[in-house]
Structure formats: C-alpha cells, structure tokens
Amino acid sequence: MESASLENLRVLYQSDDYIVVDKHWDIRIDSKMWYEKLTVQTQLRHHFPQLADPRTYYGFRFCHQLDYSTSGALCVALNKAAAGRAYCCFKDRTVTKAYLALVCNTSTGTHLDFSIGKNSSEGKTHMMCIEGTEGCKNPKPCQTELTVLEYGLYDEEPATKVLLQPLTGRTHQLRVHCSAIGHPIVGDFTYSSGADDAPYRMMLHAHLLHIPLEPQPMLVCAGDPFLPAVDPKWLPQRLLRRPAATVNTLLEHRAEEARRLKEEEKARKKEEEKKGRREQRAEEETEEQSRQCQEWLSEWAGD
C-alpha cells in the first residue's frame, strides 16, 4: 500500500534485449508519457550500466501498456530489433497475459464476449463502452475469460477474486467487461460511475506475461498483491482455485493450442507441396502430350 518511488521499482526479468518491471499501481509508464519514461530509465541505469549513454534511450520500446491504476508486469524492449520480435507476438496473439482482480459482488466464471468502442457521450470521452451503449463509437470484437479463484469480503462488502485472461487487446477491456456483467473491479472509480472511491487503488494486477520469443520464450509472474497480509480489508472466505495452479493450467492449454496450430500449419504446407507437385506433373504431362501431338501432325503432313 506504499506510494510509488524509484526505490520500490522491482525488476522481474532482464536480458540483453528485454526488461520486465513490476509497475506500481499509482504511476503511469508508457511510451506517451516522456517524463515517467525518463524516470524509469533513470532507475534502469541502476540495473543496466550500459544504459548510461543517453543515446541508448532511443532504442527503448514499451512492448505493451498498463493503465495508470493497474499494477504488475510491464515489458520494455531495449532495442528496436527486440521490440519488433515482441510486436510480432502481440500482433499474432500468441502472447499469454493473465490478470488478478478483485471484483464487486459474488461473480461466477464465464466467457465475456462484448464488442467495445469509444464512448463519444459528453463527459465520457475518456471511457470505453460496450456495443449498444448510447454514444458507442466504432465497436470492435472483444473477448475475455473470467475464472473465479476465491470468494470473500472487501471492506465488509461481497467481493470475488478472479483471474482475467484477455483474448483481445482493447483499451480498458477488462474493466469494461467486468462492469458490463455487473461486477466492476473494486476501486475502479471510472467504471463504477464514481461510486467506488473508498479503496486506495484499483484492484487489477498484471500477474502473468508469457511471450513466445525464439529461441528463448519469456515467462514472468508478478506475484499476488491481493492478500490479507498486504491489504487487511480483503477477507477471503472460500477458496475455489489457487492462482498458481490456474495459471499452470492456462499455460498448458496455450501450449497445446500452439502445438495444434503448428501441426495444422505443417500439414497445410505439406498439402500445398503435394498440390504443387501434382500441378507440376500435370503441366509436364500436358507439355509431353503437346509435343507428341506436334510430332504426329508433322508425320501426318509428311504422309
């Protein structure tokens, strides 16, 4: 519950190409906020002396973004080539992200499928909204998997600890989806219409980040901040699933899916090669038939 500072910025993962930090819940770190970006770079120099040359800052690329009030794993590429490799994984939707959250009321696990667009209503242009909402502009398909982990109370009100897996990457996706089913994230002032202003933070945390980079995939876990030892207002009452086991199951499913897609791609290429060989043989046979026909015509003309 302590405030953000350079001293408590934790590095979760580091390599020659990437660094993953545990973003604090009350600091903005993204490619648009130059002041905070330079602040983070100042701290990164402590871990990476080679970044002392200011010219290396131009190689920094934030691979993705987290909302101001969201904590957890945030990946930064340290050069343009690394940024490009990570970008391809995000673009192809092969990255696995999972968030821990406390949501209001007693929720149940479900697949959330609501298209999301920009809210063009007066006074709400900073918000997103689901398709069908008044003022919803240019909605796009959006899907989230919600898995219930634990039931309990937050500040004596019913709450549910959940694991959220965004299958798409829309702005404010998790917050809008949870709000749409009547279970806004605890402490989300914006999507509770300003009603939930008591908690010290929004209870949304980027818990898991897996990027299938070659040759070495990146797998980072940012821990669980929603524990009574961290926030005594959270009182667990009934455990359904442990985060670690749930995440392992999620990763196994994604790995199996990746294997299936790889096999399908391999079979597709094999079929294309077979088709190409058949077409080549057919073309060769056609050429041979044409040659024989020409020979026959020449012989017939001679006769």
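Start at E287: with a relative accessibility of 49%, this residue counts as partly exposed. Here buried means under 20% relative accessible area, exposed over 50%, and partly exposed in between, using a 1.4 Å probe and protein chains only. This is a predicted model, in which local features need pLDDT of at least 70 and side-chain atom pairs count only at pLDDT 80 or more, while totals for chains, interfaces and linings use all residues. Residues are numbered from 1 along each chain as its sequence is written, and side-chain values use heavy atoms, with hydrogens and water left out.

**Stop 1: charges along helix α4**

E287 sits in helix α4. Helices (H or I, at least four residues) and strands (E, at least two) are DSSP runs, numbered from the N terminus. Together with E287 they form a patch of negative charge on the surface. Patch members have over 30% relative accessible area and no salt bridge; like charges are joined within 9 Å, and nonpolar side chains (Val, Leu, Ile, Met, Phe, Trp, Tyr) within 5 Å. Accessible areas come from the Shrake-Rupley method with a 1.4 Å probe, and for residues only the protein chains shown count as cover. Lys and Arg count as positive, Asp and Glu as negative; His and the chain ends are not counted. Each charge is placed at NZ of Lys, CZ of Arg, CG of Asp or CD of Glu.

Next, select K262, K266, K270, K274, R277 and R281. These residues make a positive surface patch. Pick out K266, which lies in helix α4, residues 243-302. Is K266 buried or exposed? K266 is exposed, at 59% relative accessibility.

**Stop 2: salt bridges**

A salt bridge is a side-chain nitrogen of Lys or Arg within 4 Å of a carboxyl oxygen of Asp or Glu. By this rule there are 11 salt bridges.

Stay on α4 and select R254 with E257. Their side chains meet in a salt bridge, 3.5 Å from N to O. The two residues are 3 apart in helix α4, so about one helical turn separates them. R254 is buried, at 19% relative accessible area. E257 is partly exposed, at 34%.

Then select E271 and R278. These two form a salt bridge, with their closest N and O atoms 3.5 Å apart. Both ends are partly exposed: R278 has 40% relative accessibility, and E271 has 39%.

Salt bridges with shared partners also tie D67, R175 and D188 into one network. Zoom in on D67 and R175. Their salt bridge has closest N and O atoms 3.1 Å apart. It links distant parts of the chain: D67 is in the loop between β3 (61-62) and β4 (71-77), R175 is in helix α3, and 108 residues separate them. D67 is partly exposed, with a relative accessible area of 23%. R175 is buried, at 8%.

**Stop 3: helix α3**

Select residues 173-180. Why is helix α3 largely enclosed by the rest of the structure? It is enclosed because 6 of its 8 residues are buried. The buried ones are Q173, L174, R175, V176, H177 and C178. Look just past the end of α3. There G182 takes a positive phi of about 85 degrees.

**Stop 4: cysteines**

Return to C178. This residue is buried, with a relative accessible area of 1%. The closest cysteine sulfur is in C104, at 9.7 Å, which is too far for a bond. A disulfide is a pair of cysteine sulfur atoms within 2.5 Å. The structure holds 0 disulfides. C89 is in none either; its nearest cysteine sulfur, that of C88, is 7.0 Å away. C89 counts as buried, at 9% relative accessibility.

**Stop 5: backbone in the loops**

Select N105, in the loop between β5 (96-104) and β6 (110-113). N105 is not a glycine, yet its phi is positive, at about 75 degrees. N105 is partly exposed, at 37% relative accessibility.

Move to D155, in the loop between β10 (143-154) and β11 (157-166). D155 is another non-glycine with a positive phi, about 55 degrees. At 38% relative accessibility, D155 is partly exposed.

Finish at P215, in the loop between β12 (204-211) and β13 (218-221). Which form does the peptide bond from E214 to P215 take? That bond is cis, with omega near 5 degrees.
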